[in-house]
Amino acid sequence: MKVTIVSSFPMDGKATSNRVKVFAEQLLLDSHVNSVTIVYPSSDDRNFIAEYHNLKLIDINLNKINKKNYFIRAYHELSHAFELFNNAKKTNPDVILVTVPSVLLLMPIILSKKSYFIALDIRDTVWNYFSGNIFNMFISKILSVIFKHAIKKSNIISVTNSKEKEQVEKLSGVEPIIISNGISLETFNSLKKIELKKQLNKVNLTYIGNVGIAQELECLIELADDYRDSIVVNIIGDGARLKYLNSLSRKRNLRNINFIGKISPLLISDHIEKSDILFAQIGKKFSSAVPTKIFEYLASSRKALLGLPDGQAKEIFKDFYGVKIFPVGDYNELKRNYEIIKDLTFVSEMAKKNKSILINKFIREDSVKNYLHLLKDSFNHHL
């Protein structure tokens with residue numbers, strides 16, 4: 001069985017690429033799988049094809065997308081989708097596994113004349129993210145129609161959590177399989193080695209991840225401003241809001257906030273080691289999303305301050321130790337919970353309990369193994 005994975009995100013060590021990496025690794029361990037190819041857009045303006053034993057990487061240079069204009073963005077995403085899908089078809093696969101946050105990557109599935117075996121992995125139920133005015137409701141309707149048709153044309157569907165499962169089933173009548181987001185065994189084994197750190201008078205608080213609209217990180221500027229003499233805030237990562245936040249910080253003349261930008265995944269543990277508190281946040285309309293970086297926080301023996309809406313992420317992370325969760329968008333609650341967690345002594349027993357929960361429930365490979373059994377059964381039935 002030849003499997004080709006199509007992703008609209010580069011293999012850059014972020015959430016989507018980590019999920020794809022585990023898919024590929026587990027597929028290659030299966031004796032029924034002859035080869036795995038990953039087709040994805042380049043992260044650095046180049047094309048290349050690389051082969052490692054039975055794994056082939058096809059990195060395609062695509063034009064950068066202007067995300068500020070809906071229509072221009074849609075046009076470019078659609079052209080990118082067909083470029084990626086056409087390159088996937090050239091590999092002559094038995095199975096095409098499409099993993100999406102990008103909705104328009106579904107269009108080639110809908111319009112494809114040939115009946116490929118399609119495994120559709122839905123990481124975000126984005127049709128639920130648009131609400132409010134008529135224009136947003138119109139976009140939501142279009143997205144839901146695209147998803148519904150793509151789901152109907154796919155042979156097996158997967159999602160990341162029970163909330164997404166409920167939303168997909170409600171939309172399409174198709175029951176998807178849950179492949180939980182979590183942490184890879186390799187990453188877990190690396191981060192669990194980080195030892196407890198004694199907190200000094202000046203607290204080191206670090207955010208790691210995408211610096212986008214969904215994360216609403218303006219609150220960290222406020223926090224750095226209010227605690228100028230007692231906190232150092234580090235923002236690691238890049239995204240659409242990085243320049244804006246940097247500008248906001250300069251206007252307030254803040255010297256206790258560092259914009260470190262995008263770094264190699266190999267350097268993440270160095271920054272975590274220096275941190276006392278790790279921060280994450282996701283906006284209210286993303287209630288079905290689960291930020292995967294938090295699993296890495298919890299493996300690394302550090303306290304976590306989380307801004308989360310009511311939903312899947314809050315349900316998962318409330319069971320961990322050394323974690324304070326505040327209602328996203330409520331700055332007073334952020335400050336209140338910060339005061340609590342900075343005074344909390346995080347002991348080795350709490351770290352051990354967190355690692356035990358992760359190893360028992362949230363190791364990516366375990367979830368993917370179960371899924372691959374079902375994929376093979378579905379593929380054999382398809383033949």
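**Strand β12 and its surroundings**

Reader: In which sense do strand β9 and β12 pair, and over how many bridges?

Author: Strand β9 covers residues 203-208, and strands here are DSSP runs of E with at least two residues, numbered from the N terminus, while helices are runs of H or I with at least four. Two strands pair if DSSP finds at least two bridges between them. This is a predicted model, where local features need pLDDT of at least 70, side-chain atom pairs count only at pLDDT 80 or more, and totals for chains, interfaces and linings use all residues. Residues are numbered from 1 along each chain as its sequence is written, side-chain values use heavy atoms without hydrogens or water, and β9 and β12 pair in the parallel sense over three bridges.

Reader: Which residue of β12 is the bridge partner of Thr 206, and which residue of β13 is that of Gln 281?

Author: Happy to trace both. β12 is joined by five bridges to the parallel strand β13, residues 303-308, where the partner of Gln 281 is Gly 307. For Thr 206, the partner in β12 is Leu 278.

Reader: Are the two faces of β12 buried or exposed?

Author: In a regular strand, side chains alternate between the two faces of the sheet. Ile 277, Phe 279 and Gln 281 point to one side of β12, with Leu 278 and Ala 280 on the other. By relative accessible area with a 1.4 Å probe on protein chains only, buried means under 20%, exposed over 50% and partly exposed in between. Five of the five residues of β12 are buried, and both of its faces are buried.

Reader: Which residues touch the most other members of the largest nonpolar core?

Author: Such a core joins buried Ala, Val, Leu, Ile, Met, Phe, Trp, Tyr and Cys residues through side-chain atoms within 4.5 Å. The largest one holds 94 residues, and α4 gives the most to it, with six. Phe 279 touches, among others, Leu 205, Leu 220 and Phe 326 (contact: heavy atoms within 4.5 Å). The residues with the most touching members are Leu 120, Leu 205, Leu 220, Phe 279 and Phe 317.

Reader: Within what arc do the buried residues of α5 fall?

Author: In helix α5 (residues 162-172), Glu 164, Gln 167, Val 168, Leu 171 and Ser 172 are buried. Taking directions from the helix axis to the C-beta atoms, these buried residues line one face of α5 because they fall within an arc of 110°.

Reader: And what do the buried residues of α5 pack against?

Author: The helix itself is followed by Gly 173, with a positive phi near 80°. The buried residues of α5 pack against β6, α4 and β7.

Notes:
Lists of a residue's contacts leave out its neighbours within four places in sequence.
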